[in-house]
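This report describes selected local features of the structure shown below.

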Amino acid sequence: MITSSSNGQIKEILQLNARGRLRKEKGLFTAEGVKLFREAPPELRKKVFVSDSFENEHKELLAGISYEVVEDRVFGRMCDTRTPQGILTVLRMPSYEREELLGAAYNGGKNGDAAGEEHSGRARTPLVLVLEDLQDPGNVGTILRTAEGAGVTGVILSGRCADIFQPKAIRSTMGSIFRVPFRTEENLPEAVEWLKSCGVRTCAAHLRGTVSYEKADYTEGTAFFIGNEGNGLSDTLTEACDCLVRIPMEGRVESLNAAVAAAVLMYTAHMQRHL
């Protein structure tokens, strides 16, 4: 049992929680809680830590796996949440090729099921999200979770987005991190040109939009652009859009939260594709 916060393994966990660069260098991230432990593909698990009280109460859950027991007091210090559930998993980062974002040749099982579909292996019409410089890890995680529910085939993040492997983002995904294909692209305009070359129409909700969001057609390959919470979509990506739509606003509200706006667009596409 680990009984000291100065233990090397505990120090590494604390650094993985706090330092995005270290996560990237090691290709590892942490996930707290029972749900994320259960939903993480076993092949991605590198190490499991449990508190001594958790071990005593969850023998069945832990049967057949290797894990490290940590004194309750020390376990609390290694976690990012105020009330840890007693289990923390160190995981290897899932990775995807660009083509997997389009839903074509979908391999149901590489990192788990995607968007709730069965392991049919059949191609799906691309529905992609492009996230530009979002700063709130909670927004990024929530968007990924909503993307799974709405049948999104893949998510592209700009290099300046909040780290999707940050603990808050991981918790916000509620397990979707293991099922929705995603990639970080340092050259976002080039990635957008690649989408267009694949026949994907690019669209964004924008103040300059002249068509109401529900009247545009999203039944063919579509990519929705979601911009920075404070500054919105950059001029570069705005100009790259094939379609600018507007989401009506009542009262004095100028715009919606990024995750909410993304949800409105995703589920409008979902509705159109399932009529």
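Predicted model: local features only at pLDDT ≥ 70, side-chain atom pairs only at ≥ 80, totals over all residues.

The cysteine sulfur nearest to that of C241 belongs to C203, at 6.7 Å. A disulfide requires two cysteine sulfur atoms within 2.5 Å, and C241 takes part in none.

The search over the whole structure likewise returns 0 disulfides. C161 is therefore also without such a partner: the nearest cysteine sulfur, that of C241, is 15 Å away. C161 counts as buried, at 11% relative accessibility. In general terms, a disulfide is a covalent bond that joins the sulfur atoms of two cysteines.

## The largest pocket

Two or more lining residues come from each of strand 8 (201-205), strand 10 (222-226), strand 11 (243-246) and helix 11 (258-273).

By residue class, the lining of the largest pocket contains 13 nonpolar, 8 polar and 3 charged residues.

## The second largest pocket

The volume of the second largest pocket is about 500 Å³. It is lined by 19 residues, with K24, D163, I164, F165 and T184 lying nearest its centre. At least two lining residues are supplied by each of helix 2 (20-26), strand 6 (154-158) and strand 7 (182-185).

The lining of the second largest pocket divides into 9 nonpolar, 5 polar and 5 charged residues.

## Helix 9 and its covering

Helix 9 spans residues 188-197, and its buried residues include L188, A191, V192, W194 and L195. Viewed down the helix axis, the buried residues of helix 9 fall within an arc of 155 degrees, so they line one face of the helix. As a general rule, an α-helix has 3.6 residues a turn, so residues three or four places apart point the same way.

Several elements cover the buried residues of helix 9. Among them are strand 5 (127-131), strand 6, strand 7, strand 8, strand 10 and helix 10 (235-240).

## The loop between helix 8 and strand 7

M174 is located in the loop that connects helix 8 (167-173) with strand 7. The phi angle of M174 is near 55 degrees, a positive value in a residue other than glycine. M174 counts as partly exposed, at 33% relative accessibility.

G175 belongs to the loop between helix 8 and strand 7. G175 is buried, with a relative accessible area of 0%. Leaving aside residues up to four places away in sequence, G175 touches L36 and E39. G175 and F37 are 138 residues apart in sequence, yet their C-alpha atoms are 9.0 Å apart in space.

## The loop between strand 5 and helix 7

D133 lies in the loop between strand 5 and helix 7 (137-150). D133 is not a glycine, yet its phi is positive, at about 60 degrees. With a relative accessible area of 17%, D133 is buried, because buried means under 20%.

Terms used
Residues numbered from 1 in each chain as written. Heavy atoms only, no water. Helix = DSSP H or I, 4+ residues; strand = E, 2+ residues; numbered from the N terminus. Nonpolar A, V, L, I, M, F, W, Y, C, P; charged D, E, K, R; others polar. 1 Å grid on protein atoms, 1.4 Å probe; cavity = no way out; pocket = protein on both sides within 12 Å on 5 of 7 lines; lining within 4 Å. Points joined across faces, edges and corners; volume = space filled by probe spheres on them. Buried < 20%, exposed > 50% of the residue type's maximum accessible area, 1.4 Å probe, protein only. Arc of directions from axis to C-beta. Contact = heavy atoms within 4.5 Å.
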